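Subject: Structure for you to look at

Hello,

Here is the structure I promised. Please open it and keep it beside you while you read my notes below.

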Amino acid sequence: EAFGAPVDLYRAGAPPISAEEWEEGSLAGSYRSGRGEDWVCDLKLAEKGTLVLGSGRIYTRAFVLNGLLDGTDAFRGRALFADGSEATVAGQLDAHGQRLTVDGLVGQIELQRQPTGSQW
């Protein structure tokens, strides 16, 4: 139900999304904390207007993230895990746009921006 009326949804292929449809804000990109045995989390973020969407893994637990911009280079939102648990999260990008600090997943973690096209 949406906007006070029922809406029928049907499974279909994902609609193509062009780069022009998603405004790449300062938070958009791929982030990772650590390598090898030091790995804690990876996160991919997209940004459109004030909406921030993402997905990632923390200690091998997959999650999706949704949130809203909260000031310059920052967001607040929720992470949803496959088991139905949720976490309130907040993120802040540093002044150089390279390190993202995220609170709420497992305390405070710092993730490094990954080069465009890098594979994990």
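Start at the ring of F81. The charged end of R61 sits over this ring, 4.3 Å from its centre. Keep in mind that this is a predicted model.

F81 has a ring partner too. The structure holds 1 aromatic pair. Its members are F63 and F81, with ring centres 5.7 Å apart and planes at 50 degrees, so the pair counts as tilted. What does the pair tie together? F63 belongs to strand 4 (residues 61–69) and F81 to strand 5 (residues 74–81), so the pair links parts that are 18 residues apart in sequence. Both F63 and F81 are buried.

Now step back to the whole chain. How many helices and strands does it have? The count is 0 helices and 8 strands. Read along the sequence, the pattern is β-β-β-β-β-β-β-β. The protein chain has 120 residues, and 31% of them are buried. Its accessible surface is about 8000 Å². Carbon and sulfur atoms account for 53% of that surface. Take the contacts with a separation of 6 or more: 28% of them join residues 24 or more positions apart.

Next, look at strand 3 (residues 51–58). Its side chains alternate. V52, G54, G56 and I58 point to one face and are buried.

Strand 3 has strand 2 (residues 41–48) as a partner. The two pair in the antiparallel sense over 8 bridges. C41 stands opposite I58. The hairpin of strand 2 and strand 3 has 2 residues between the strands, and G49 takes a positive phi near 60 degrees there.

Strand 4 is also a partner of strand 3. This pairing is antiparallel, over 8 bridges. Here V52 has G67 as its bridge partner. Strand 3 and strand 4 form a hairpin with 2 residues between them. In that turn, Y59 has a positive phi of about 50 degrees.

Last, find S33. It is in strand 1 (residues 29–33). Is S33 buried or exposed? Its relative accessibility is 8%, and the cut-off for buried is under 20%, so S33 counts as buried. A polar atom of the S33 side chain lies 2.8 Å from the backbone nitrogen of C41. Leaving aside neighbours within four places in sequence, S33 is in contact with D38, W39, V40, C41, E110 and L111.

Best wishes

Technical notes
Residues are numbered from 1 along each chain as its sequence is written. This is a predicted model: local features need pLDDT of at least 70, side-chain atom pairs count only at pLDDT 80 or more; totals for chains, interfaces and linings use all residues. Side-chain values use heavy atoms; hydrogens and water are left out. Helices (H or I, at least four residues) and strands (E, at least two) are DSSP runs, numbered from the N terminus. Buried means under 20% relative accessible area, exposed over 50%, partly exposed in between (1.4 Å probe, protein chains only). A polar contact is a pair of N or O atoms within 3.5 Å; within protein, one must be able to donate a hydrogen and the other to accept it, and residues adjacent in sequence count only if both atoms are side-chain atoms. Contact means heavy atoms within 4.5 Å. Rings of Phe, Tyr and Trp (its six-membered ring) pair if their centres lie within 6.5 Å; planes under 30 degrees apart count as stacked, over 60 as edge-to-face and the rest as tilted. A charge sits over a ring if NZ of Lys or CZ of Arg is within 6 Å of the ring centre and within 35 degrees of the ring normal. Accessible areas come from the Shrake-Rupley method with a 1.4 Å probe; for residues, only the protein chains shown count as cover. Two strands pair if DSSP finds at least two bridges between them.
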